[in-house]
Amino acid sequence: MSQLLVRSVMRRLVSGGTCNRCISSVSAAAAVVFREVHKPSSESVVMMSSQRLRFSGQWWRMMCFTSEPPSKNSTTSSAVRKEDEKLSGDSVEKMEGEDKVALSSYWGVSRPKITKEDGSVWPWNCFMPWETYQADLSIDLSKHHVPKTFLDKVAYWTVKLLRIPTDLFFKKKYGCRAMMLETVAGVPGMVGGMLLHLRSLRKFEQSGGWIKALLEEAENERMHLMTMVELVQPKWYERLLVIAVQGVFFNFYFVLYLLSPKLAHRVVGYLEEEAIHSYTLYLNDIDRGEIENVPAPAIAIDYWRLPKDATLKDVITVIRADEAHHRDVNHFASDIHYQGKKLQEAAAPIGYH
Ligand SMILES: [Fe+2]
Ligand SMILES: [Fe+2]
């Protein structure tokens, strides 16, 4: 059965379907494998499994009701969204009423019904209303850390050199470029946070909030990706490239962070400076009309608390502001190391957006 799962995953990768559809397929295959391997012996357990699968389906539907990329025909998609929101809300209530044992109280992990400010059902499982924020657009986008030390110059020129193949590969396809680079951008925060977490356990010492700050950065980058993938659908060879790049970059950054966290954070600081530059070029193309200023995806509207009529330009503007904050956090972390201190000796910028 595990071969079935692997085959299903590979088929979806090669067919180049949407990210959400791919995950959906994997989930379905996993459900088949699970049911085959753990075939229940009693009828009551069969019923519980089926209820859970139905429940998962409902939640999955809630999660991906905006999986289609926004288009000019936004009235249709918003009508579908409203219908899905209504269905999702009704379904949850119905399922809760149908079988309290299977859904709400058996494990004690059911989520209370969460609504938006306007009273509609909160449609996302991947982030909650209290994790949303309004980006600070007043941040200085032009700030630059001038490389002075040898390691700083290594970091700076490494990033500048990495930009060359990136420019050659993507040219002016900024949407595609952003989507692909966000798959990389989410790695450093997770690796840094993970290593600080392990260090905290190993050394019996507090992290000073830096674990949380770096994991917040990783999550924020992943939300950039979740937004971009609503706008640009990756092709099959881009999916393969992401897998290869992630394999290389994760291991590279892991080793780099172990050897020299100050260099690792400096590299990320410069990567963020490049990201600001790339998103500025993206915005320029939108302003010139070379890229259509389509309606913002629903996930972005909720995550950044954007107005309902927000557009792609608004989304790229807030993402760029996020990148500027990541730049500051990472240069700051590197500077702490340069002063011969541990990160926990300086207050971590938790919630710095
Ligand atoms: Fe990002
Ligand atoms: Fe970033």
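Which residues have the most contacts inside the largest nonpolar core?

1. Some ground rules come first. This is a predicted model, in which local features need pLDDT of at least 70 and side-chain atom pairs count only at pLDDT 80 or more, while totals for chains, interfaces and linings use all residues. Residues are numbered from 1 along each chain as its sequence is written, and chains are lettered from A and ligands numbered from 1 in the order in which they are written.

2. The residues with the most contacts inside the largest nonpolar core, which has 42 residues, are V267, A300 and V315. A nonpolar core here is a set of buried Ala, Val, Leu, Ile, Met, Phe, Trp, Tyr and Cys residues joined through C-beta atoms within 7 Å. A residue is called buried if 20 or more other C-beta atoms lie within 10 Å of its own, exposed if 12 or fewer do, and partly exposed in between, with the C-beta atoms placed from the backbone.

3. Two or more residues of this core come from each of α7 (174–203), α8 (210–231), α9 (236–259), α10 (261–287), α11 (298–303) and α12 (312–338), and α10 gives the most, with 10 residues. Helices (H or I, at least four residues) and strands (E, at least two) are DSSP runs, numbered from the N terminus.

4. A300 touches T227, L306 and V315, when residues up to four places away in sequence are not counted; two residues are in contact if their C-beta atoms, placed from the backbone, lie within 7 Å. A second, separate core of 10 residues includes W210, V329, A333 and I336.

5. Under "binding site", an unreviewed UniProt entry lists E182, E221, H224 and E323; UniProt positions are given in the numbering used here, feature names are shortened, and annotations may be inferred rather than shown by experiment. These residues span 142 residues in sequence, yet no two of their C-alpha atoms are more than 10.6 Å apart, so they gather at one spot.

6. E182, in helix α7, is buried, with 20 other C-beta atoms within 10 Å, and E221, in helix α8, is buried with 26. Leaving out residues up to four places away in sequence, E182 touches E221, H224, L225 and M228, whereas E221 touches E182, A185, G186 and G189.

7. A178 is also found in helix α7 and counts as buried because it has 23 C-beta neighbours inside 10 Å. The C-alpha atoms of A178 and A275 are separated by 8.3 Å, although the two residues are 97 residues apart along the chain.
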